[in-house]
Amino acid sequence: MLTTGDPDEAWYDEDAGPVARPYTVTRGRLTSDRGQLDLISLVVTRRAAPASARLFPEQARIVERCRRPLSVAEVAADLELPLGTVRVLLGDLLEAGLIETHEPPALSGASSRELLEALLDGLRTL
C-alpha cells in the first residue's frame, strides 16, 4: 500500500476497506445495561432480525453465527473484537430479544479433578 501521509490512511486497508474502532461499534459505551456475561455463557439466536432492524454488521454476524450455541469467548474470537465490545453488542441483542444466553451449570460442588476434566473437555470442543 502506498502512503501519502494522510492521517486517515492508518484506518484504511485496501483489502478490508475502512476499519471502525471498537468504541464506534458500541457508540462509546464500555458496559452493557444487561450486566456482565461470563466467558463461557452460551449465546443462541432466538429469532432472525426483522428487515427493519438496524444492526451493525457485527451484530448481524452474531445473530447469524449463533443459530447454534456459541460461548461469549467464541463470539469474540469469531468477530475478532475485544471481549468488552462483544459484551456490549450482546447486551443490545439481548435487549432487542434477538438472542438469549444460558449460563453453564455451576461446578461449585465438583472436585478439583472433575473441574479440570470439565475444562479440558470444553477446550477440546473448541
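Modeller: Helices (H or I, at least four residues) and strands (E, at least two) are DSSP runs, numbered from the N terminus. On that basis the protein chain has five helices and five strands, and from the N terminus on the elements run β-β-α-β-α-β-α-α-β-α. This is a predicted model, in which local features need pLDDT of at least 70 and side-chain atom pairs count only at pLDDT 80 or more, while totals for chains, interfaces and linings use all residues. Residues are numbered from 1 along each chain as its sequence is written, and side-chain values use heavy atoms, with hydrogens and water left out.

Now the sheet. Two strands pair if DSSP finds at least two bridges between them. Three strands form an open sheet in the order 4-3-5, and their pairing is antiparallel. Strand 4 (70–71) and strand 5 (99–102) each have a single partner strand and stand at the edges, so one side of each is left without a neighbour in the sheet. Strand 3 (residues 42–45) and strand 5 run antiparallel and are joined by four bridges. Val43 has Thr101 in strand 5 as its bridge partner.

Helix 4 (residues 83–95) lies across strand 3 and strand 5, at about 115° to strand 5. Axes here are lines fitted to C-alpha atoms, for helices over the stretch in contact, and angles run from 0 to 180 degrees between N-to-C directions.

As for the whole chain, contact means heavy atoms within 4.5 Å. Among the contacts with a separation of 6 or more, 68% are between residues 24 or more positions apart. Buried residues (under 20% relative accessible area, 1.4 Å probe, protein chains only) make up 27% of the 126 residues.

Note on methods
Buried means under 20% relative accessible area, exposed over 50%, partly exposed in between (1.4 Å probe, protein chains only).
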